Amino acid sequence: MGKHIRTLLALATLALCAGALPAQAALRVLATTPDWAALVTELGGDKVNVYTATSAFQDVHRVDAKPSLVARARTADLVVATGADLEIGWMPVLLQDSGNTKIQPGSPGYFEAAPLVHLLEVPSAVDRSMGDIHPLGNPHVTLDPHNIAIIAKALAARLVLIDSTNAAYYAARGEDFDKRWQQATVGWEARAAPLKGVGVVVIHRDQAYLCSWLGMKELASIEPKPGVPPSAGYLVELVTKLAATPPKMILRNAYNDPRAAEWLSERIHAPVVLLPYSVGGTPEAKDLFGLFDDTINRLLAALK
Amino acid sequence: MAKLAPIAGAIVVGLLLLPNAGQAATDDVAALRAELEALKTDYTSRVQALETRIKQLESAVATAQLAQPGAAPAPPAFPQPSPVAPSGKSSNATAFNPAISMILTGNYASLSQDPATYRVAGFIPPPSGEGPGDRSFNLDESELTVASNVDPYFFGNVTAAIQGGNSIDIEEAYFKTLALNNGFTIKGGRFFSGTGYLNEIHSHNWDFVDQPLVYQVFLGGQLAQDGAQIRWLAPADYFIELGAEAGSGRSFPGTQRNSNSLASDALFAHLGGDAGDSTSWRLGVSWLDARSTDRAYDDVDQLGAPVTNAFTGTSRTWIADGTLKWAPHGDPTYHQFKLQGEYLHRTESGRLAFDVTGRNLAGDYDSSQSGWYLQAVYGFMQRWRAGLRYDSMQSRTPSIGLVQLGLLPSAAFPSLASASPERTTMMIDWSLSEFSRLRAQYAWDDARATERDRQLMLQYIFAMGAHGAHKF
């Protein structure tokens, strides 16, 4: 029995020595969504090694704290998360089990995007009878390019802070990104002008920032309450309710079940528009620019 | 005691590492300065964001007024919570309240056999944790968890199970380090042992109403250690975790002993990773060494008269576990599949005393016993899951000194007669939300030496309060 423990300790010591060796090729970043991974790549270029915890085909509310993620948290220099409780079901386990002080909340290695921007739909009171609502406000902040611009600046500053040897590199890339992004935003806003005032139906409330940015009107949501799938009765009610103000389209994300949206689409004669929602959600949404290009293309195509 | 010194050493070394968190004081000034800089940037960006917002709102209002001169803005089609953050926070007395959650569980059980006579044949029974529980409606435990960071260095968690019979069990009450680096974490207090896969999982997260037979018989349901645990996570892309525990042994298969030494030591290693974007897995091996003194159990003698026997000695358990989870692109909303199995092998050696309150005879005792379970759960549509579990145990015939010496017939130990208990369980559950679950379960239980027990159970599990994060 003593032998076992001695072997284990010897192993642990060995591994500790191995772990202490600097494996500092690039800054190791764990991003919770493909959007943050894309942003880190824009800003960090080849100085960062980014791992994405989820794909565009996953609902970020429902992610397992799987072993591979705990392993990535262990070696991460920086965690880039959305915050506002979006990752509350799994991120705390990763942080606690990582044995990595660099990425604990409050450390420079823990970055949250949502608190930097103005959150929509902050509830004045919360109760679980309202569904899986977010007490801090709607956390799906990425689909407004103005939010991305703000978050990019803060993230570039954070990269500078953590990896000061490459400070100039990050600063330059940050400025370059900002310039390109502002330019692109002007373009998107010009192209998206016809979308202003267009009535849409959403599935979950994760298009709120897109709608608010483009001035589209969310007439209804297919989920009666956040995270609650619709019943047949609710859908029938929705058809009646929408008869008075028919929406132009129904928005669906890559990870949503299409069935309820398609059922509704047939009844109210509005097309279902598949949106990438996240980088990688459609083949065209290869990076953040592609995400917005493709989103607007698809919305405009549905308007015709 | 001497052999425990390395564990104690490791824990002391770990605790000594803690102050290193403060050693970086000189770096702190630089870090602070940089952080201030970052804050400044943050605020600049926030102000910019607000300016953009105001501009947008102004133009939106202007457009709206242009579009419908004189008309009041139409009320939104469905209620929009106010986009303004509540600003009227006046008192901070409750700001540091820990996260509190309460789990309500209960069931209805219909059992074809009398649960009072339940016993897994062939094994020394644990003091508790065996069997399907009582018939009819039962209030199961109400599990109260209070958890919070204590300070920058420690996290604390207390889970108390308020039992239907009006008693309170402290299931877990532990601290966990936050400030050790290099992949180390130390846990101390009372905690579910890291051995096996299912042992650390709280009952409200089980995929079936009850534990596998092998967990009931070898670990008394779930092994809680009073002691300390050290874990180390390797800096690798794969999940490689090593852990060691030292405990008092108060929980079965050990016993509380009037001794300063530790009596429940465990080692475990876990390996995990992904196979593509839809599948993830974890494998583990664990070893548990527990010592017990006068671990009593009730039995009957060869004439059917009740006796109390007691085991004193060492119980060594090996566990191999494997878990595989699949969900399309890792999204379990609509479909998911989980396959999980564990094999446990236990050897016990020491002295077995017969009829301790009467004849009080004692002789050597050696057993080599094993058991395993395999279970699969499939989420076949949103909110619905179905599961199947098979349990099997092999008691073999233990070597009982009193029998070999001819002092007693083997019929004097009816509970230890060689047996191969098994059980097949089906379950279906329905989760209306992440926080509520209703379950029906049916089991064909051949654990008794005699007749099959047909068990129907209906269960509810409701989670209130803080949204706890769950392990894999």
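In the predicted model, strand S7 (residues 249-253) of chain A is joined to S8(A) by four bridges, and the two strands run in the parallel sense. Within this pairing, Leu251(A) has Val273(A) of S8(A) as its bridge partner.

The S7-S8 pair belongs to an open sheet of four strands in chain A, arranged in the order S6-S5-S7-S8 with parallel pairing. The edges of the sheet are formed by strand S6 (217-221) and strand S8 (272-275) of chain A, each of which pairs on one side only. From one strand to the next, the twist averages 35°. Helix H9 (residues 258-268) of chain A packs on this sheet, where contacts are made with strand S5 (199-202), S7 and S8 of chain A. The direction of helix H9 makes about 170° with that of S7(A).

At the level of the whole chain, the secondary structure of chain A amounts to 10 helices and eight strands. The C-alpha trace of chain A extends over about 75 × 50 × 35 Å along its principal axes. Chain A contains 304 residues, of which 54% count as buried. When contacts in chain A between residues at least 6 apart in sequence are considered, 61% are found to join residues at least 24 apart.

How values were computed:
Residues numbered from 1 in each chain as written. Chains lettered and ligands numbered in written order. Predicted model: local features only at pLDDT ≥ 70, side-chain atom pairs only at ≥ 80, totals over all residues. Pairing = 2+ DSSP bridges. Axes fitted to C-alpha atoms, helices over the stretch in contact; angles between N-to-C directions. Contact = placed C-beta atoms within 7 Å. Buried ≥ 20, exposed ≤ 12 C-beta atoms within 10 Å, placed from the backbone.
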